[in-house]
Amino acid sequence: MFELIDRVKPGLKKLVATLRETYPYASVLAVADECRTWVVNSSGVNIAPSGRRGGTGYVLRVFDGMGCAEYSFNEFSEEKIPALCGILARRLAEQKEALKGFAPLPTPVPADEPAQLRKCSAWRIHPKDMGDEAIVEKLTALRKKALAYDGRILDAQANISYRAFRKLFLSENRDLDQTIMWTAASMVAMAARGQEIKIAYHPFSALGGAEVLEDMDKDVETVAGEALELLDSQPVIPGEYECVCGPDTTGMIVHEAFGHGVEMDMFVKDRALARQYVGEYVASPLVTMHDGSAVEQAATMFFDDEGTLTGDTVIIGKGILKGGMCDALSAARLGVAPTGNGRRESYERKAYTRMTNTYFQGGEATPEEMIASIKDGFLLESPASGMEDPKNWGIQCMVTTAREIKDGKLTGKIFSPIVLTGYVPDLLKSVTMMSKTPVLSGSGFCGKGYKEWVKVSDGGPYMKARIRLG
């Protein structure tokens with residue numbers, strides 16, 4: 001795929017070699033991508049490019065031992081090499097002039113250990129091969145199936161989107177090439193009774209292609225049934241409860257509790273409380289948290305946008321905060337190794353430390369054992385949104401469904417909507433049970449300060465903890 005990368009590669013290698021004659025470090029990232037979204041709802045059919053895409057272009061980066069300069073562009077030929085070198089020289093000179101009289105942050109030259117890689121993620125059905133007509137037909141059938149489930153289903157929506165991209169990273173010692181496709185989809189059902197309307201939502205995602213449509217078909221009636229259940233939901237009495245979190249709710253807690261708070265560019269800026277607690281207990285010994293590409297989901301990548309190979313980063317190990325995730329520049333300033341989390345929204349944007357696949361490791365219990373252990377509490381399902389305060393470790397999340405548990409059994413009563421709040425270490429130290437198998441989902445994007453959106457996934461096992469609900 002993306003033959004453009006093969007055509008420009010010789011010229012890009014020449015560009016890096018030319019820059020290295022002047023600078024101790026130079027690199028280029030080349031990106032080629034395609035994306036598409038299909039939506040079927042009461043308004044009809046909409047087919048369009050995905051709302052958040054990376055685009056096709058290039059990023060140059062040089063370090064001179066004192067500063068770093070970048071330049072992004074979307075057209076390249078060997079004839080442009082002198083002009084590109086001139087742009088970077090001017091940017092470094094302007095930076096030095098602007099910083100006169102200030103003590104700049106140290107900007108060490110990144111390590112550039114030799115590495116070569118060429119990898120491609122797997123998919124079974126490419127959406128382009130399936131074609132618009134077949135995809136729309138399938139989504140239309142899913143919507144009709146939801147509407148036919150019950151006369152109280154007012155409306156339903158089915159959608160699917162994909163992004164496929166190829167990235168090439170070149171430096172003096174690195175030649176890295178990856179092609180990746182992820183697919184995300186959702187089913188939405190809206191139920192009505194009089195003036196009351198309730199909405200249920202199920203996400204689907206995969207490191208793969210249009211085969212995700214098969215999973216959607218299995219869940220249509222479940223989504224419709226949940227929308228109808230919500231018509232009978234009640235508001236919860238605020239308080240602290242013993243709760244069992246479904247894997248999707250566990251994932252939201254992972255992402256919000258120790259996600260942004262351990263993105264280590266926040267350590268450089270002294271905007272994260274976690275920096276002061278590395279090496280200390282911040283959670284129950286049952287809690288081990290990972291980030292990276294040791295599991296396959298929509299946020300999997302083989303190297304990040306700064307040419308760092310990805311792997312498995314342990315954030316919390318048996319309750320102890322081990323460290324964070326880090327981009328290359330922040331790692332250099334903190335004196336630690338980069339973890340492969342330097343990610344750009346697109347070739348036109350800066351690289352920030354960002355999460356990838358973030359999850360809690362499994363334990364030994366079963367969901368049934370957790371429910372049986374609760375006298376008065378809830379099973380929390382279907383997270384809607386969340387936010388955190390990395391500076392003070394506060395968390396606030398919205399959950400759509402809380403299923404009542406009394407004397408170790410589900411009563412059938414449902415409460416909605418639910419606000420989940422608390423101080424992160426208190427919540428995580430209250431964890432007493434984890435089920436065996438983590439489940440991840442990557443249907444959404446994550447922003448950094450309401451911008452810089454990138455694809456992420458999160459999840460975990462069923463988790464029992466004491467949580468404040470309202």
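D407 is exposed, at a relative accessible area of 58%, where exposed means over 50%, buried under 20% and partly exposed in between (1.4 Å probe, protein chains only). D407 sits in the loop between β17 (394–406) and β18, and its phi is near 50°, a positive value in a residue other than glycine. The model is predicted: local features need pLDDT of at least 70, side-chain atom pairs count only at pLDDT 80 or more, and totals for chains, interfaces and linings use all residues. Residues are numbered from 1 along each chain as its sequence is written, and side-chain values use heavy atoms, with hydrogens and water left out. Helices (H or I, at least four residues) and strands (E, at least two) are DSSP runs, numbered from the N terminus.

**Backbone features in other loops**

- E452 also has a positive phi, of about 55°, although it is not a glycine.
- The loop that holds E452 runs between β22 (445–446) and β23 (454–455).
- E452 is buried, with a relative accessible area of 4%, whereas D407 is exposed.
- A cis peptide bond leads from S416 to P417, with omega near -10°.
- P417 belongs to the loop between β18 (409–415) and β19 (418–423).

**Packing of helices α1 and α2**

- Two packed helices are described by the angle between their axes and the distance between the axes.
- Helix α1 (residues 3–20) packs with helix α2 (residues 81–98) at an angle of about 45°, and their axes are 10 Å apart.
- That angle makes α1 oblique to α2; angles under 35 degrees count as roughly parallel, over 145 as roughly antiparallel, 65 to 115 as roughly perpendicular and the rest as oblique.
- The axes are lines fitted to C-alpha atoms, for helices over the stretch in contact, and angles run from 0 to 180 degrees between N-to-C directions.
- On the α1 side the contact (heavy atoms within 4.5 Å) is made by G11, K14, L15, T18 and L19, and on the α2 side by I81, L84, C85 and L88.
- By class, the contact of α1 with α2 has 6 nonpolar, 2 polar and 1 charged residues. Here Ala, Val, Leu, Ile, Met, Phe, Trp, Tyr, Cys and Pro count as nonpolar, Asp, Glu, Lys and Arg as charged, and the others, Gly among them, as polar.

**Aromatic rings**

- Rings of Phe, Tyr and Trp (its six-membered ring) pair if their centres lie within 6.5 Å; planes under 30 degrees apart count as stacked, over 60 as edge-to-face and the rest as tilted.
- By this rule the count comes to 12 aromatic pairs.
- The Y58 and F76 rings form a tilted pair, because their centres are 6.0 Å apart and their planes are at 50°.
- This pair links distant parts of the chain, 18 residues apart: Y58 is in strand β3 (residues 57–63), and F76 is in the loop between β4 (68–73) and α2.
- Both Y58 and F76 are buried.
- The rings of F73 and F76 are also a tilted pair, with centres 6.4 Å apart and planes at 45°.
- F73 is buried at 7% relative accessible area, and F76 is buried at 13%.
- One aromatic cluster is formed by Y58, Y71, F73 and F76.

**Buried residues and their contacts**

The contacts listed here leave aside neighbours within four places in sequence.

- S293 is in the loop between β10 (289–292) and β11 (312–317).
- S293 counts as buried at 18% relative accessibility, and S293 is in contact with T300, M301, T310, G311 and N357.
- F165 lies in strand β6 (residues 153–171) and is buried, with a relative accessible area of 6%.
- The contacts of F165 are F2, A32, D33, Q178, T179, I180 and W182.
- From C-alpha to C-alpha, F165 and S443 are 17 Å apart in space, and they are 278 residues apart in sequence.
- L228 is in helix α5 (residues 212–230) and counts as buried at 10% relative accessibility.
- L228 is in contact with Y149, D150, R152, I153 and A191.
- The C-alpha atoms of L228 and A189 are separated by 9.0 Å, and these residues are 39 residues apart along the chain.
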